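Good morning, and thank you for making time for this. Please bring up the sequence and the structure side by side, and I will talk through a few places in turn.

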Amino acid sequence: MPSLKSTSATVMSAAIARARENAINRGSGDADEICPVCKSSRYLNPNMRFLVNPECYHKMCESCVDRLFSQGPSQCPVVGCDKILRKHKFRKQTFEDIKVEREVDVRKRISKTFNKRQEDFPSLKEFNDYLEEVETVTFNLINSLDVAATEAKIVAFEQSNKSTILQNAAKAAQEAQFMQAQREFEREQHRRAREIEAEAEAEEKRDKKEHQANLIKALQADDADLEIAKVNKLARKKSSMRKENQERRAKEWEAKNNAPAFQFMANLNRQSEEPSKPYDPLDGYDDTDKYFVYREKYENPWLEEAANNKSMLAGGYIVQQYCERAIFEAFSGVGCFIEDPSPSDEQSSPSLDTPMADAVAV
Amino acid sequence: MAEDQLYTSTTQCKTWSFGPSTLSTIRQNTNTAGTRSIKRGWKRARLEASSSNTPYATTPIPSSTPTPAPTPSSSSIIDPTAVPDPELLTPAEELTLVHYYILRLIDLSDVFSFPSNVKSTACVFLSRFHLHHSVQSYHPKHLIPTILFLATKTENHYIPLSEFCKRVPKLTPEAVLKHEFTVAGGVRWDFDVKHPLRAAEGGIMELLTSLSVVANGNGGSSSGDPGLLALKEKLAPNPVRRVQDAHGRMKSYLTKEALVSDVYYHYTPPQIFLGALWLADKDVAETYIMWRFGENSTMGRIPKKRKKDKKGKDKDKNGDKENEVALQAARGPPLAPKLLSVVRDCAEMMTSAQAFEKTPVEELKRIDKKLHRCQNPQKFLGAGTAIGAGSLDSGTRKQNDDIAIKEKAEEKKRKLEEDPFGGTLPGRD
């Protein structure tokens, strides 16, 4: 009887699991869902699964796929779609929205080709420009804009960057492997720690039991008090030893934890960067004057008047400031020579924001 | 370094300084754009005139105007296709006109007796405006009051508009304000103009002060500054008097020749000031340059150092010499040779500007007539009859002119709306 019971239980649990799976497969759980190819509805066939092919993303039920594509590749049965589909390319739809499904596929494909990293670029700006371009390509593919040109672009990029793509892919694989190893290592360590703790606990328990047994034995002896004292002393000694052991183990454990799992990992995080220079808010600008030195006082009869005129001074007029400004302007720009930009200069620096930028010789 | 660096960061240096060939290219481009718009205007007017034999029927005239009904039926209508295209202005002719109106602008400013910085700013605004806007699109005579009014505001010498209009006959506040936005956009909103006026004051101040220091013989600098001594010798017997005389003459150059010529585009303010000084008194300018920017120029530094040395004489001379060498290296080669030639060129350019004042009146009249024909195609195509028959009173004619101006302004406005900061500068790409 018990064996029968167990089989029925397994049957039950299997049925529940299948039902759950079906519910998941159904996605939205729409009971009236109809296969667009054979028009059979889920109402009649609750186990119906829908598949898509990333060639054209037309949805059809599993039985249609079996029926149409078992004899090898053939045309998509949807009217107006002339894509040739293969059976092994059919898969379950991950996302409910077919657009999202397609976008994810496109992104997967693009990321395989455009796998450059930031280290490959001299500056963040160039890396960002690259990302921008990649995003443009992706966007074009997703929205079917300019597909031919975009595909040509991708192929050209692939051709010219074959080696770097391979290198980066290998690098990424290596990193993934390393991450995996790291995770495994950590899990193993946790397990070991748990084991050690359990061991210590068991030892403690055993000692306690032994101590109790010893106590009972001591009580049976002739001079019970003496024996009890002896047993207690032994127990204390043992417990202190155990504690010491535990501490030592904990220390070892900690040391092991802190040490990098692999030597190269320790080097990985260390950056061989030059010490950055102190921040200069003026960006090297220097306010020492090149052509003159301010004097305390300047000769100007007209200014004498202003300096003695109370009504002007009361208004906040500072003669000294006028002098400084006038002297500064007398020399500001005296060393700039405005010339026509020579054609060679223009070629060498095409990104001028002003036509003057190269024409001023300071 | 600071002085030159600061000047190179100004808009005057960045967007309003050009070499000679760049400048002429820009003018050529502006002229081309202007002629194109004139040609377009004529083509449109011709179409309008030929599509209906009644040229004024198409132009929307308010019904209240006393247009005589029989005008269209007049038999002496000029065939619009027979009228030849107008002769267009060349860049040189445009420039002549601009120079003439800059001189008029100076006169207008003198009527108000505005300070020289207002006058200078107004002239520079007019010149800059017509650098990128053809005279054929905007007649300078309409812009002059607006520009002068704008200059009073940017130079912090504001007078109320009603007051401003009272001083000029037949000037209305509306006429002044009508072009204000156009002008402000035309100078690219770069209202701050670096004039050589204050630079000139500063330079003369420095010169006079140094001379007086030498004359008093204090600071022991009499032996320290050979450039200054040479300057004093050259200007003997009365150097101070001579500098003061030169100062007065120089000012007149700065407020006339410098404004009419292109020196603001080609030279920096100190260079223009030196150019004017050169014209006023060649010796003063030459010795000044040699003193400040010559081979062993001290730039006013050495006297100070000497004083320091006197305080601590135990300082070893070797270190001092090293210091000097480092200073010399930091300064780089002396500017004087290059500066001398630049200042000479600048002075020559200002002298040649004196010729603009002598442009014969007939020449100006001829250009203006051409411009009038270019700007008013209706008059020469269809309205010729009206003018000849005298059937249109002057009021209606004026209205038609107003309509044309309005149309032009609207087109301009539309263009401005498309691009809030105006198109790219023609010289920029």
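Which residues are buried in H11(B)? They are Pro196(B), Leu197(B), Ala199(B), Ala200(B), Glu201(B), Gly202(B), Gly203(B), Ile204(B), Met205(B), Glu206(B), Leu207(B) and Ser210(B). By buried I mean that 20 or more other C-beta atoms lie within 10 Å of the residue's own, while exposed means 12 or fewer, and partly exposed is in between, with C-beta atoms placed from the backbone. Helices (H or I, at least four residues) and strands (E, at least two) are DSSP runs, numbered from the N terminus. H11(B) has 21 residues and reaches 30 Å from its first C-alpha to its last, close to the 30 Å expected at 1.5 Å a residue, where the expected span is 1.5 Å times one less than the number of residues.

Before going further, a word on what we are looking at. This is a predicted model, in which local features need pLDDT of at least 70 and side-chain atom pairs count only at pLDDT 80 or more, whereas totals for chains, interfaces and linings use all residues. Residues are numbered from 1 along each chain as its sequence is written, and chains are lettered from A and ligands numbered from 1 in the order in which they are written.

Let me set the two chains side by side. Chain A has twelve helices and seven strands, and buried residues make up 10% of its 362 residues. Chain B has 24 helices and zero strands, and there buried residues make up 38% of the 429 residues. Among contacts in chain A between residues at least 6 apart in sequence, 47% join residues at least 24 apart, and in chain B residues 24 or more positions apart account for 82% of the contacts with a separation of 6 or more.

Staying with chain B, how do H12(B) and H17(B) pack, and at what angle? Helix H12 (residues 226-234) and helix H17 (residues 282-293) of chain B pack at about 170°, with their axes 8 Å apart; the axes are lines fitted to C-alpha atoms, for helices over the stretch in contact, and angles run from 0 to 180 degrees between N-to-C directions. H12(B) and H17(B) are therefore roughly antiparallel to each other, a label given to angles over 145 degrees, while those under 35 count as roughly parallel, 65 to 115 as roughly perpendicular and the rest as oblique. On the H12(B) side, Gly227(B), Leu228(B), Ala230(B), Leu231(B) and Lys234(B) meet Asp283(B), Thr287(B), Tyr288(B), Met290(B) and Trp291(B) in H17(B).

Another loop, between helix H5 (91-112) and helix H6 (116-132) of chain B, holds Ser113(B), whose phi is near 45°, a positive value in a residue other than glycine. Is Ser113(B) buried or exposed? With 8 C-beta neighbours inside 10 Å, Ser113(B) counts as exposed. Arg188(B) also has a positive phi, of about 60°, although it is not a glycine, and Arg188(B) is partly exposed, with 16 other C-beta atoms within 10 Å.

Now to chain A. In helix H2 (residues 62-69) of chain A, Cys64(A), Val65(A) and Phe69(A) are buried. Seen down the axis of H2(A), these buried residues fall within an arc of 100°, so they line one face of the helix, the arc being that of the directions from the helix axis to the C-beta atoms. Helix H5 (residues 147-160) of chain A has 14 residues, and the number of them buried is zero, so H5(A) lies largely in the open.

Finally, where the chains touch, the contact takes 36 residues from chain A and 44 residues from chain B. H11(A) gives the most to the side of chain A that touches chain B, with eight residues.

Methods: Two residues are in contact if their C-beta atoms, placed from the backbone, lie within 7 Å.
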